[in-house]
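Please open the structure in your viewer and keep the selection tool at hand.

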Amino acid sequence: MEHIFAGFYLFIQPSVLLATFFGVFLGTVMGSIPGLTATMAIALIIPMTFYLSPIVSIGMLVGAYKGGCYGGSIPAILLNTPGTPAAAATVLDGYPMARKGKALKALKMAIYASVMADSFSDIVLILISPPLALIALKMGPPEMASLIIFSLLIITLVAGKSMIKGLIAGVIGLIIGNVGLDPILASRRLTFGMYELDEGVALIPMLIGLFAVSEFFIHAAKKITSGKLKLYENSQNPDDNRVTALEMKSSLKIIGLASVIGTVLGAIPGIGPSISAYVSYGQAKRISKNPERFGEGAIEGVAAAEAGNNAVAGANLIPLLTLGIPGDLTAAVLLGAFMIQGLHPGPLLFKEHIDIIYAIFMSLLFANFCNFLIGTQYIKLASKVANIPKSIIFPSILVFCVVGSFATNQNPFDVWVMMFFGIIGFVMRRYDFPLAPLLIAFILEPMLETSFRQSLLMSAGSMKIFLDHPISFFILIMSVIFLFFIIKSNVKHKIKIFNFKKYN
Amino acid sequence: MIKRNINKDDFIPGLVIFFLGIIFILFVIPNQIPKNSGPIALSPRLFCQIATLLIIILSLLLIMKSLSPKKHGIYLSETKLDISEKIRVIISILCAIGYVICLPIFGYFVSTIIFLLFFLLFFGAKKWLPIISTIMIITIFLYLVFVKALQVVLPSGILF
């Protein structure tokens, strides 16, 4: 109990509350601008948090993540352009509603569904994490290595359009993770004589380069001609501008279902909010009494998509906090932020800093409250922000990228690292290589390498150790089964697409 | 005779990664990572060698996939560029590099004002009022947040 009070004391500081509120606001604004994602919002905020205490900075980042998740739905509904990839399913019914003059109703349902699903997911995280962390504490190096391999396999295989390219991106991340001092013997590796690389490639400049600068180059390719997109007028009927009690009642069951789907999928590494939103939308359509209304402006469609993608937010912190394995890209960025603050998520964090864990849980719930508060007020401003010309947004982003990369260590070398990874990120995206596996593999590399080599030391170089330990064996078998199903479903999916193209 | 369509979006990166992998395993790893005479698990080269071997195998698979007589074009890159777009990307990359080079010469704020103005025009901003107000707002915001609040010492050059 005293840990909960200690956590509450850490959380209740005005700076934490203010930072969380500010993070949610910034995330909502950035998520509402098409082209800027929640991940980019976090990447640009991290340099500012470097100078803050761990709880303040984590509160701000978690807030930005949650704000970004909801913010993406605003342009999806108003402009037919999802602000973030996760909001793509929201377009299906949100935009038809806006065309009918019901944009405010759709936006309000989006915020209600987002906050409810997010809170459900957070509560599951709070209940499940501590016992899971206790189990995780019993895991040794072979189990840890197998678990990381399993997670990386899922993340690399489901990310992007090609499995091989996803795997290549992941292995590139592992090689980049090798740069710097060897984790066991501390000998220099792949530094090419640059002492700045002794501690490895700096995460923040790499992150900003891969996700923000590459986006800048992609948008630089196309000359932006028209500044503003068309917005539909809101209806004069007050019932079209609010969610009625009847609509809320009919959507509650769907929000509940989508929350469960999002939470379950979110806890599995690699399954991001986009997939969860589509699965939830599909299931909502299946159980609906009027499935034919889906796609024509059904409010339940907006509720399902938004609840589905926001329920992932809390759940993907389960593998992050209990095992130190990020479930998706945003969790990977959060992991980086934790490490910058000197905290290493995983079972030991529960043992050594349980007060910080409780403070994080509290800031997660507080961020939901802020999300509701800001979301309901931001609706009035949203149309103006979502329509800011890209010709102003992207040049400003580059300036922030440069100062953000420099500010962390006040080292010009980091700005060059950012630029290098910006170009690499652009080339990878040009050739359809997903960036998420690269970043996640890079972050997990030290943990994987250390546990892999420690296992080999324990077994005098025999790989059999991974099969001799029951948990490790079970995880590896799971990996093989997963691999089989992914390959099978991928082949089926390709045949389906090919037939679709052939006959349409 | 079956006409083989090479999928260049797979073939070119596959080939580049394959050769980089070979260079890495033959030259870079032996030169950049010290050898260890003890047990294999202690070798600093071990993990890098495994990863590089994996990447060589995967790049070969990518090359084979690009050469297979299956129908291509199912997945088209969202960032496929025509020649004018390629030129715009090259210009933007060169100018972004120029911006980084100018930082220690002209100082952060002077370089930022010059390059922000250039990129605003490059991205298609036409009206001077939003251009000037964007430059002013961004510069003042960065000064207040990073210099005043976070106490970051930004590069100063010959001008400021």
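Start by selecting Ala88(A), Ala89(A), Thr90(A), Val91(A), Asp93(A), Gly94(A), Tyr95(A), Pro96(A), Met97(A) and Ala98(A), the buried residues of α6(A). Buried means under 20% relative accessible area, exposed over 50% and partly exposed in between, with a 1.4 Å probe and protein chains only. Helices are DSSP runs of H or I with at least four residues, and strands are runs of E with at least two, numbered from the N terminus.

This is a predicted model, in which local features need pLDDT of at least 70 and side-chain atom pairs count only at pLDDT 80 or more, while totals for chains, interfaces and linings use all residues. Residues are numbered from 1 along each chain as its sequence is written, chains are lettered from A and ligands numbered from 1 in the order in which they are written, and side-chain values use heavy atoms, with hydrogens and water left out.

Now select the whole of α6(A), residues 88–99. Its 12 residues reach 17 Å from first C-alpha to last, close to the 16 Å expected (1.5 Å times one less than the number of residues). Since 10 of the 12 residues are buried, α6(A) is largely enclosed by the rest of the structure.

Which helices do the buried residues of α6(A) pack against? Show α5 (73–79), α7 (103–137), α12 (273–287) and α13 (299–315) of chain A. Just after α6(A), look at Gly101(A), which takes a positive phi of about 85°.

Next, zoom in on Gly94(A), in helix α6 of chain A. Gly94(A) is buried, with a relative accessible area of 0%. Leaving aside neighbours within four places in sequence, Gly94(A) is in contact (heavy atoms within 4.5 Å) with Ile77(A), Ala106(A) and Val302(A).

Then colour by chain and turn to where chain B meets chain A. The contact takes 73 residues from chain B and 69 residues from chain A. About 6400 Å² is buried between them, 78% of it from carbon and sulfur atoms; buried area is the accessible area (1.4 Å probe) that two parts lose on being put together, summed over both.

Select Asp10(B) and Lys165(A), whose side chains meet in a salt bridge at 2.7 Å, N to O (a side-chain nitrogen of Lys or Arg within 4 Å of a carboxyl oxygen of Asp or Glu). On the side of chain B that touches chain A, the elements giving two or more residues are α1 (8–32), α2 (46–67), α3 (83–106), α4 (108–122) and α5 (128–149) of chain B. End on α2(B), which gives the most to that side, with 13 residues.
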